[in-house]
Amino acid sequence: MIYLAIIVGCIIGAIVGTNAPMIPYSYSIFLAIGVIAALDSVLGGVSSILKKNFDFIIFITGFFCNAILAMLLTYLGQKLNVDIYIAAIFVFINRMFINLTIIRRYYVEKWSNKIEQTKKKILSKDKKV
């Protein structure tokens, strides 16, 4: 099911990306910080699925609230002539690395357990012979 959602999302993203108008340079920083915030939310969602405590409402609200807050901070920073968005980038990138570590650790442990079980099966078959 998750693979189907990923494939559909990629297809929709490719279609929208080829048909969307070009974003002016002055807005590119807003889009970049919004994408970073959205990626943080997606990795957090995947991490919570693996931990078995995923809540769709929390995911959706976090997705939009993080992106909007990050863009508002960027706007405020531009008005004050202070690069506040760098703090948001630092926080979101840090959280992405933490979530990626959780995801990586989950799959490494899963594969290690599978290898151990395979080794035990082979050893038990060898002992019977």
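A: Let us begin with the largest pocket. Its lining divides into 9 nonpolar residues, 1 polar residue and no charged residue. Please keep in mind throughout that this is a predicted model.

Q: Which residues line the largest pocket, and what is its volume?

A: A pocket is described by its volume and by the residues around it. The volume here is about 310 Å³. The lining consists of Ile2, Ala5, Ile6, Val42, Gly45, Val46, Ile49, Phe54, Phe56 and Phe59.

Q: Which element gives the largest share of that lining?

A: Helix α2 does, with 4 residues. At least two residues of the lining come from each of α1 (2-19), α2 and α3.

Q: How is the lining of the second largest pocket divided by class?

A: This lining has 4 nonpolar, 8 polar and 3 charged residues. The second largest pocket has a volume of about 230 Å³. Of the 15 residues that line it, Ser41, Gly44, Gly45, Ile58 and Phe59 lie nearest its centre. Two or more residues of this lining are given by each of α2, α3 and α4.

Q: Which residues make up the largest nonpolar core?

A: The general idea comes first. In soluble globular proteins, nonpolar side chains tend to be buried together. In this model the largest nonpolar core has 8 residues, namely Ile33, Ile36, Ala37, Ala67, Ala70, Ala88, Phe92 and Met96. The elements that contribute two or more residues to this core are α2 (25-50), α3 (56-80) and α4.

Q: Is Ala88 buried or exposed?

A: Ala88 counts as buried because its relative accessibility is 7%, and buried means under 20%. Ala88 is part of helix α4. Between the C-alpha atoms of Ala88 and Glu116, which are 28 residues apart along the chain, the separation is 42 Å.

Q: How many salt bridges does a search of the whole structure find?

A: The search finds 1 salt bridge. It joins the side chains of Asp40 and Arg95, with a distance of 2.5 Å from N to O. The pair links distant parts of the chain, since Asp40 lies in helix α2 and Arg95 in helix α4, 55 residues apart.

Q: How do the accessibilities of Asp40 and Arg95 read?

A: Each residue of the pair is to be judged by its own relative accessible area. Asp40 is buried, at 1%. Arg95 is partly exposed, at 35%.

Q: Where is Asn99 found, and what does Asn99 touch?

A: Asn99 belongs to helix α4, which spans residues 85-128. Leaving out residues up to four places away in sequence, Asn99 touches Asp40, Leu43, Gly44 and Ser47. Asn99 is a buried residue, because its relative accessible area is 13% and the limit for buried is under 20%.

Q: Which value of phi does Lys52 have?

A: Again, the general idea first. Most residues other than glycine have a negative phi. Phi of Lys52 is near 65°, a positive value in a residue that is not glycine. Lys52 sits in the loop between α2 and α3. Lys52 counts as exposed, because its relative accessibility is 69% and exposed means over 50%.

Q: What can be said of phi at Asn81, and where does Asn81 lie?

A: Asn81, although not a glycine, has a positive phi of about 60°. Asn81 is located in the loop between α3 and α4. With a relative accessible area of 70%, Asn81 is exposed.

Methods. Residues numbered from 1 in each chain as written. Predicted model: local features only at pLDDT ≥ 70, side-chain atom pairs only at ≥ 80, totals over all residues. Heavy atoms only, no water. Buried < 20%, exposed > 50% of the residue type's maximum accessible area, 1.4 Å probe, protein only. Contact = heavy atoms within 4.5 Å. Core = buried A, V, L, I, M, F, W, Y, C linked by side-chain atoms within 4.5 Å. Salt bridge = Lys/Arg side-chain N within 4 Å of Asp/Glu carboxyl O. 1 Å grid on protein atoms, 1.4 Å probe; cavity = no way out; pocket = protein on both sides within 12 Å on 5 of 7 lines; lining within 4 Å. Points joined across faces, edges and corners; volume = space filled by probe spheres on them. Nonpolar A, V, L, I, M, F, W, Y, C, P; charged D, E, K, R; others polar.
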